[in-house]
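Me: I am new to this structure. Please show me how to read its features, one at a time.

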Amino acid sequence: MNDTFPLRPPSRRAFLGAALLGAASAGLPAVPARASGGLVPALPAPTGPYPVGVVRHAFTDPARTDPWDPALGARQVVVGIVYPARNVTGFPRAPQLTPGEAAVFGALAPLVRGLPAAGVDWAGTLTHAHAGAPPLPGRRPVVLYTPGGGDARTLGTGLAEELASHGAVVVLVDHPGEASQVELPDGTVRESVLHGPPDPATFRTMADTRVADLRLVLDRLGELPHAAVTDPCRTGILGHSAGGTAAALLAARDPRIRAVANLEGYLGPEPWPGDRPLLLLRTDGFEGAARIERSWAGLRARRRTLRAANHWVLTDHAAIVPRLHAAGLVPDAVRDGLVGPGDAAASFAAVRRELRGFFGRELRGLPGREAGRVRR
């Protein structure tokens, strides 16, 4: 079973959690609710030649019971598909968060490493992707994205739009029950059930659930909207933090993954499959860097360390947090703890260049501009 779904009014039903590590979303309604005023965060524009479209989709896996809340029954997975578009005229830019997701995030923002409780219009931010725009014809490499522990898929929006603007189809995968917030097809906004850093058993459940979610998406790529423009034989994966761990585990278990980009994620406990190209990016400010570096020891990979940076500079927080800081909404310590004291915009631009080059090489090149005019 699968669903492609538009915005619905948010349900009152919610699965209350606590630790919220990030917020950004590729939801699809044309005009977000503007219940609160304040600063509107903005994301960097993609640099490629193609305009970008986005649609949202959900899968139900009847073979699995939801591990975080068995009473819900069959496991449900929500994805956002970001792709190069043929024409975006008449297709509005999609908001970063649906109204329901923005309301949840706004309520929990003070728990997110010091993000402000007021003064930010979380529903106001628009992505650079156009909701429902027709895809550019052609067969294109596919990159899955899995976020950090407790994060929503949409903290990868800026990375996804960059790759899509250069010719890839990016599938942003949410992991409901662990994700900070995700709107389901029935309008329910499901929140994280995790409370603080996971113990080893919980982390193993996270990793195994993520791998199963990602394999479900791989198995059913042909059911995605615009599946005709994807090339499943050129599939890579990108993961941040716990998502980097899950990406490596998936590659170890599934030969359909041709290349892996790990953004500051621990590798283990399964051996890395040495036949797959690997990109390893990390920051010099993350408190877990030493443990991560030990897990990367001896691996053949392209590596880069971002200086004067911290863990969430590898996500959309690279654009969001400095603007909050400049407006006086977060102090130096919060900025430094999230993205580091350096130039976050330059660090994020470097991450996007690395990913563009890596997947362009290892997935046999991101396509160039086809003959004919690409209309924005």
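Me: What percentage of the 376 residues in the protein is buried?

Reply: This is a predicted model. In it, 59% of the 376 residues are buried.

Me: How many helices and strands does the protein have?

Reply: The count is 8 helices and 13 strands. Now look at contacts between residues at least 6 apart in sequence. Of these, 78% join residues at least 24 apart.

Me: How are two packed helices described?

Reply: By the angle between their axes and the distance between the axes. Take helix 2 (residues 157–165) and helix 8 (residues 344–362). Their axes come within 10 Å and cross at roughly 45°. Helix 2 is therefore oblique to helix 8. The crossing is right-handed.

Me: Which residues make the contact of helix 2 with helix 8?

Reply: Helix 2 brings Gly158, Leu159, Glu162 and Leu163. Helix 8 brings Phe348, Val351, Arg352, Leu355, Arg356 and Phe359. By type, the contact has 6 nonpolar, 1 polar and 3 charged residues.

Me: Which residues of helix 5 are buried?

Reply: In helix 5 (residues 289–296), Ala289, Ile292, Ser295 and Trp296 are buried. They span an arc of only 125° around the axis, so they lie on the same side of helix 5.

Me: What covers the buried residues of helix 5?

Reply: The cover includes strand 11 (257–263), strand 12 (278–283) and strand 13 (302–306).

Me: Which residue just after helix 5 takes a positive phi?

Reply: Gly298 does, with a phi of about 80°.

Technical notes
Residues numbered from 1 in each chain as written. Predicted model: local features only at pLDDT ≥ 70, side-chain atom pairs only at ≥ 80, totals over all residues. Heavy atoms only, no water. Axes fitted to C-alpha atoms, helices over the stretch in contact; angles between N-to-C directions. Helix = DSSP H or I, 4+ residues; strand = E, 2+ residues; numbered from the N terminus. Parallel < 35°, antiparallel > 145°, perpendicular 65-115°, else oblique. Left-handed = near helix turned anticlockwise from the far one by under 90°. Contact = heavy atoms within 4.5 Å. Nonpolar A, V, L, I, M, F, W, Y, C, P; charged D, E, K, R; others polar. Buried < 20%, exposed > 50% of the residue type's maximum accessible area, 1.4 Å probe, protein only. Arc of directions from axis to C-beta.
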